[in-house]
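This note sets out several points for a colleague who is meeting the structure for the first time. Please read the points beside the model.

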Amino acid sequence: MVGLLFISRYASSLIRMPGITSLQRLSQIRKFGKSPLKSAIDLGEMHKPTNFQRRILVWAGSYKTAEEVPDRVSTAQLKRAMDLFRIRVNIGMVLSTVVGCVVMVYIGRKLRDEGVTLEGEGTKKREEWERLGAEERAKKAQ
């Protein structure tokens, strides 16, 4: 029963790695009492945030001002703040895309009602180019 509890506690650390069998991983866990493959979050590693990361921590609501952010913050806290920032940026991009599409539909319908078409614009440009080309050929011929 105790062995089963021990194995279930560290089941996530029994990741298959090339060249290491599950029995070797179990023996490492029993020998050291913990998994040697702990993540940075489990180890509680600290990170010195840059000014941009300080602003993100404030924007995420972890701190009230950038001055309150300590010199070292946990990687887990920084990761959560960066994930929140990433999500907010993506939502902003989606909203700006939707607004841009609505504006383009509005402009297109307005131009359609005025009688402006892409075919008509292309025809006008082609006629102008043909006229300019004819003028240049006439100058060269003289």
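1. Arg86 and Asp83 form a salt bridge, with their closest N and O atoms 2.7 Å apart; a salt bridge is a side-chain nitrogen of Lys or Arg within 4 Å of a carboxyl oxygen of Asp or Glu. Both residues lie in helix α5, three residues apart, about one turn of the helix. Lys79 joins Asp83 and Arg86 in a network of salt bridges. Arg86 is partly exposed at a relative accessible area of 44%, and Asp83 is partly exposed at 28%. Here buried means under 20% relative accessible area, exposed over 50%, and partly exposed in between (1.4 Å probe, protein chains only).

2. The model is predicted: local features need pLDDT of at least 70, side-chain atom pairs count only at pLDDT 80 or more, and totals for chains, interfaces and linings use all residues. Residues are numbered from 1 along each chain as its sequence is written, and side-chain values use heavy atoms, with hydrogens and water left out.

3. Helix α5 covers residues 75–114; helices (H or I, at least four residues) and strands (E, at least two) are DSSP runs, numbered from the N terminus. Its 40 residues should span 58 Å at 1.5 Å a residue, and the end C-alpha atoms are 58 Å apart, which agrees. That expected span is 1.5 Å times one less than the number of residues. The buried residues of α5 are Ala76, Gln77, Leu78 and Ala81. Just after the helix, Gly115 takes a positive phi of about 90 degrees.

4. The largest nonpolar core consists of seven residues: Ile56, Leu57, Tyr63, Val69, Val73, Leu78 and Ala81. Such a core is a set of buried Ala, Val, Leu, Ile, Met, Phe, Trp, Tyr and Cys residues joined through side-chain atoms within 4.5 Å. Helices α4 (51–59) and α5 each supply at least two residues of this core.

5. Among the five salt bridges in the structure is that of Asp71 with Arg54, whose closest N and O atoms are 3.9 Å apart. Asp71 lies in the loop between α4 and β2 (73–74) and Arg54 in helix α4, so the pair ties together parts that are 17 residues apart in sequence. Arg54 is buried, at 15% relative accessibility, whereas Asp71 is exposed, at 56%.

6. Arg131 and Glu135 also meet in a salt bridge (3.1 Å, N to O). They are four residues apart in helix α6 (residues 118–141), about one helical turn.
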